[in-house]
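Q: Could you walk me through this one? I have not looked at it before, and I may jump between topics.

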Amino acid sequence: MKTKTLFFAVALAASVVTSRAQSNVYSQNVVGYVNVPVPVGYSLIANPLNAGNNSVSNVFKAAVDGGAAVGSTVYTWTGTSLVPNQNDQFDTTWQNPTLSLPPGLGFFFYNPNARFTNTFVGEVNQGALSKIIPLGYSVHSSLIPLTGYLQTDLGLTNAAPGDTVYLWNGANLVPCAKDLFDFTWQPLPPPYSCDPVQGPLIPIGTGFFYQGQSGSSISWLRNFTVQ
Amino acid sequence: MKKLFVVAALSLTGLSAFGQGVLNFGTTFTGSFVMPIFNYDPANPFQPQFGIPSTARVTGVIPNIGTVNYGGALLQGTGFTLQLWAGSSAATLQPLYTTTFRTATADKLPAGLISGVTSLVIPGVDAGQQAWYQLRAWNNEDGTVTSWNQVLNVFADHGSSAIVQSGPLGGIDFTGGVHVPNPNSTDWVSFSLIHIPEPTSVALVGLGVAMLIIRQGKRSH
């Protein structure tokens, strides 16, 4: 994996090593934070880190407490449509405060206020990570906190010909399809980037729609260890 | 395949019978729309009021360009019901969502509003197409009046918005195109209930009028 070329935007705040001397079993947890800009209006974003408690009320707690995210709405995809979860502008509670927003899940965020930056805090997912991408439309993000090309860096190596990734430009979805005939990813106009072999570039903290057309679900596998 | 494009703006008239379009329903969309509903005006109980409330009447209404000074109080609590009716045309509306109102410590927001936003599938309307909808509200008489039909039969206080058209619905359309985000239900404006007198009161008044007519008739003979 070309990790040296990746833009690893996670600011590693701490590297915690815990050990159990008796059994000589070690675990290394890497925790940090990622700043994700949240523009006015709709954006398609994601939580890049495992906060343990990945509920909407937790991962946006600071932004709500500070007022920046009061009145916002998070929209999650059901497979056929988006379901809203609104932060109440009067009492600042979420309609569904336990809605889980784990790494790997993309979601729409409607920001009715001024642009702000949300700081996601948590652990970097490591090891053999996996996710099922169903047939039809689904919304995802990188399983690991990296900006990278979908196929080569982020590990989605088994996209089927005809599968399409849609990126959000603030008003519409911009498609990037894997060609049915030559199996290359189609180019994207600036400011997006899509390599014919590596696929579209997915910025850290960004979600994307995926349209699976292969006739069945596919597995997204990514082995990742912080060196 | 390289010439794929997003069908977000497709309008597929004629395919509505297979539709699964979705509308976000609510009375509050922070920053763009806060539209409360009022009880009848005690000074003019049989006359419904319509229009965006004046912010002098209710602080926090959006858009803040309203001029209507509602005489009735903001609807509050579980004693009032709000129902969304929607369909593919103004003639095919059906009830899709029922709820009650929020409360406040006084006659101010968030009274007059409902909690949260709910995504609703509008039957018979494909994603990308527009739906028709209407809000209907009534005094549910301590929970005993549970449907619009019942409202009309028992003469409960009630009111409704104009029938309005939504933006293109969200979801996946008949051709497989995805439409996001869902449109918000921001096409209507505030309204008030009208008061319907108790049937017994109406009967007494009628009886009184009848008596007066009879008495008048006797005098003239």
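Q: Is Phe155(B) buried, exposed or partly exposed?

A: This is a predicted model, and in it Phe155(B) counts as partly exposed, because 14 other C-beta atoms lie within 10 Å, while being buried would take 20 or more.

Q: Where does Phe155(B) lie in chain B?

A: Phe155(B) belongs to the loop between helix H1, which covers 148–154, and strand S8, which covers 158–160, both in chain B.

Q: And what is its phi?

A: The phi of Phe155(B) is near 60°, which is a positive value in a residue other than glycine. Most residues other than glycine have a negative phi.

Q: What about Phe183(A), where is that and what is its phi?

A: Phe183(A) is in the loop between S12 and S13 of chain A, and although this residue is not a glycine, its phi is positive, at about 65°. Phe183(A) is partly exposed, because it has 13 C-beta neighbours inside 10 Å.

Q: Switching to peptide bonds, which residues does the cis bond in chain A join?

A: In chain A the peptide bond from Pro190(A) to Pro191(A) is cis, with omega near 10°. Pro191(A) is placed in the loop that runs between strand S12 (173–177) and strand S13 (194–195) of chain A.

Q: And which residues does the cis bond in chain B join?

A: In chain B a cis peptide bond links Leu109(B) to Pro110(B), with omega about 10°, and Pro110(B) sits in the loop between strand S5 (94–100) and strand S6 (118–121).

Q: Now the inside: which residues of the largest nonpolar core touch the most other members?

A: That core has 92 residues, and those touching the most other members are Phe107(A), Phe208(A), Phe209(A), Leu23(B), Leu75(B) and Ala131(B). Strand S7 of chain B, residues 130–139, gives the most to this core, with six residues.

Q: What is Leu23(B) in contact with?

A: Leaving aside neighbours within four places in sequence, the contacts of Leu23(B) include Ala86(B), Leu120(B), Ile122(B), Ala131(B) and Leu169(B), and also Ser166(B), Asn182(B), Pro183(B) and Ser185(B).

Q: Last topic, how many residues does each chain bring to the contact between the chains?

A: Chain A brings 27 residues and chain B brings 25 residues. On the side of chain B that touches chain A, strand S1 (22–25) and strand S10 (171–172) each supply at least two residues, and the residues of that side divide into 13 nonpolar, eleven polar and one charged.

Key. Residues are numbered from 1 along each chain as its sequence is written. Chains are lettered from A and ligands numbered from 1 in the order in which they are written. This is a predicted model: local features need pLDDT of at least 70, side-chain atom pairs count only at pLDDT 80 or more; totals for chains, interfaces and linings use all residues. A nonpolar core is a set of buried Ala, Val, Leu, Ile, Met, Phe, Trp, Tyr and Cys residues joined through C-beta atoms within 7 Å. A residue is buried if 20 or more other C-beta atoms lie within 10 Å of its own, exposed if 12 or fewer, and partly exposed in between; C-beta atoms are placed from the backbone. Helices (H or I, at least four residues) and strands (E, at least two) are DSSP runs, numbered from the N terminus. Two residues are in contact if their C-beta atoms, placed from the backbone, lie within 7 Å. Ala, Val, Leu, Ile, Met, Phe, Trp, Tyr, Cys and Pro count as nonpolar, Asp, Glu, Lys and Arg as charged, and the others, Gly among them, as polar.
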